[in-house]
Amino acid sequence: MAIDTTVSRPAPERLKTGSSRERSTASIVFLFLLWLSLFVAFATLVVLIATTVVEGWSRLDSRLFTEYPSSRPEEAGARPAILGSLWVIGTTAVMAIPLGVAAAVHLEEFADRQHWFNRFVELNIQNLSAIPSIIYGMLAIGTLSLLGVGDKNIVVGGALALALLILPVIIMATREALRAVPRELRQGSLALGATELQTTWRITLPAAVPGISTGTILALSRALGEAAPLLLLGGLVFISFDPNGLLSGFTTMPIQIFAWTGAPQVEFHQLAAAASILLVGILIAMNAVAIIIRNKFQKRW
Amino acid sequence: MSTVTTPRGPVPPGHAGPHAAAAAITHHRRRPVEAVVKLLLRISAWLSVAITIGIVFSLLVPALSFFSEVPVWEFLTGTRWAPQFADASFGVLPLVTATAWTTFIALLVAVPFGLGAAIFLAEYATPGVRKVLKPVLELLAGIPTVVFGFFALTWVTPVILKGWFGLDIGTFSILSAGLVMGVMIIPTIASLSEDAMSAVPMALRQGSAALGANRMQTTIRVVFPAALSGIVAAIVLGISRAIGETMIVAIAAGAQAQMVTDPTMAGSTMTGFIARMALGDSRVGSLEYNTLFAVGLLLFIITLAVNAVSIRLVRKFRQEY
């Protein structure tokens, strides 16, 4: 997954070849095809953003933030969805980050990697990261039923699904960040008399914070854009109040966009586009922060 | 007299945790608080196994109650999917063919363009160019799939497929959903393949260049084969993402569960069916409700199998440098 690569490896020195060899017809066609591949990806990104902005710009105003969903498009807004997204993502972060970091610390710092069970855990995490997101919605339904919760459309239920979804991503990113911390730092700390946990808490983890935060921000941005598991939890409901707690009913921005996309009137498509601009804007900002942290704060040992 | 051996035996370098060597020294000083904290860390790591078990149970219990009413064979081989009709029929093949088509179309887009982008980034781009292009590619991976679905519905189908190519195509189609899904997967394949190619040692490229190969020949005949395990893993991960993708197909592929024989048709994929069914108001525990989990179980098994293939292939082709 693209967002898993948090620690960029140092770029290899470029291969130098004689330039005359690079001018054969085949080489030029090959290079053209490579350019075309990148062009397709970037052109789609540009067209996607441009068409969304053109369609939704007129509706990207204060009504989006202050109004509740309505059957009349001119009065409709995404206020509950925006607040719902904040609640769900906040709760997701609280659940997933400590758990993911703790699991990664165990696997990377303390676990005996030769032991069959730890290898199984590793394989299992790799597998979990490739399970479709909608399955996590079913897991959340199952868990809530087990706990005897009747109404599944609650903030903590949605957060549970998303937290379990991004947990493998956070674990893998944290492990990679911990692995990049050189052994000598740990050995120095241990040599000075620190215990293993003191070393982990005061030396290894602080050194890995940039890598961990990059991975975590990207994982949370994935959760913010995710709709499929929440659909199963009855996320597509008509919420006309501000979500106000962990047990409150909720809807989120991607689901609100999905609801408006399905409406027949063009005005609702404009609303969907306006909400998409807002959502993509937030995600771009989160990505930018992650990239800045990666480029500025990540030490090369 | 026998030689003294440590109880754990020698630990090969690079495989044990960073503390393994120190463990023996500091062992006698471990404090009770530390033991508790370590136990908590251990439990967090084991929780991932609990998640898998939880998934299996959440799917299996309702699915088993479904299969007690509908024979597995009928489910797997039936060609008519109509769980909500009066004369209900539970053949899952229409959903499977739709999923196969969207996945196939997505790969037709994502594999060539993803590999092209990866080759350019790994072999041709200067570090400066790469530093600019990679984040943009990651951005494409960060666009929510619901926005991709909206894009398929309001732009790709009406403007590109109907307008530019003049296809006789409805509002919803497998083709449109598959194409957009392909673009969504490009960054996955590009990023992982690029990592694989960047990991190929420079010495191999230099050797190739020294023998008179140019950059294209080096890329195709030396770097590409050497990175094959990583590239195959990237493609397989792309397949599993395409099979599991929900929102794009829920928005753009349509709702009719029919055997898809032509990509311009509308169709309901496995994930699309689950999403739509979840929106309905079927009673918890009813046969209708349980179909959700039967399809979910099938989806889970398929992605698990695909993933197992990927892990095997990587092991088989892996070359250590």
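Colleague: How many residue pairs are in polar contact between chain A and chain B?

Modeller: A polar contact is a pair of N or O atoms within 3.5 Å; within protein, one must be able to donate a hydrogen and the other to accept it, and residues adjacent in sequence count only if both atoms are side-chain atoms. Between chain A and chain B there are seven such residue pairs, both residues at pLDDT 80 or more. This is a predicted model, in which local features need pLDDT of at least 70, side-chain atom pairs count only at pLDDT 80 or more, and totals for chains, interfaces and linings use all residues. Residues are numbered from 1 along each chain as its sequence is written, chains are lettered from A in the order in which they are written, and side-chain values use heavy atoms, with hydrogens and water left out.

Colleague: Which helix gives the largest share of the side of chain A that touches chain B?

Modeller: Helices are DSSP runs of H or I of at least four residues, numbered from the N terminus. Helix H1 (residues 25–56) of chain A supplies that share, with 18 residues. By class, this side of chain A holds 60 nonpolar, 25 polar and 14 charged residues; Ala, Val, Leu, Ile, Met, Phe, Trp, Tyr, Cys and Pro count as nonpolar, Asp, Glu, Lys and Arg as charged, and the others, Gly among them, as polar.

Colleague: What area is buried between chain A and chain B?

Modeller: Buried area is the accessible area (1.4 Å probe) that two parts lose on being put together, summed over both. Here the value is about 9200 Å², and carbon and sulfur atoms give 73% of that area. Contact, meaning heavy atoms within 4.5 Å, involves 99 residues of chain A and 105 residues of chain B.

Colleague: How many salt bridges cross the interface of chain A and chain B?

Modeller: The criterion is a side-chain nitrogen of Lys or Arg within 4 Å of a carboxyl oxygen of Asp or Glu. Two are found across the interface. One of them joins A:Glu196 and B:Lys38, whose closest N and O atoms are 2.9 Å apart.

Colleague: At what angle do helix H8 of chain A and helix H2 of chain B pack?

Modeller: Two packed helices are described by the angle between their axes and the distance between the axes. Helix H8 (residues 196–225) of chain A and helix H2 (residues 32–67) of chain B pack at about 65°, their axes 10 Å apart; axes are lines fitted to C-alpha atoms over the stretch in contact, and angles run from 0 to 180 degrees between N-to-C directions. A:Glu196, A:Leu197 and A:Gln198 meet B:Glu34, B:Val37, B:Lys38 and B:Leu41 there.

Methods. Helix = DSSP H or I, 4+ residues; strand = E, 2+ residues; numbered from the N terminus.
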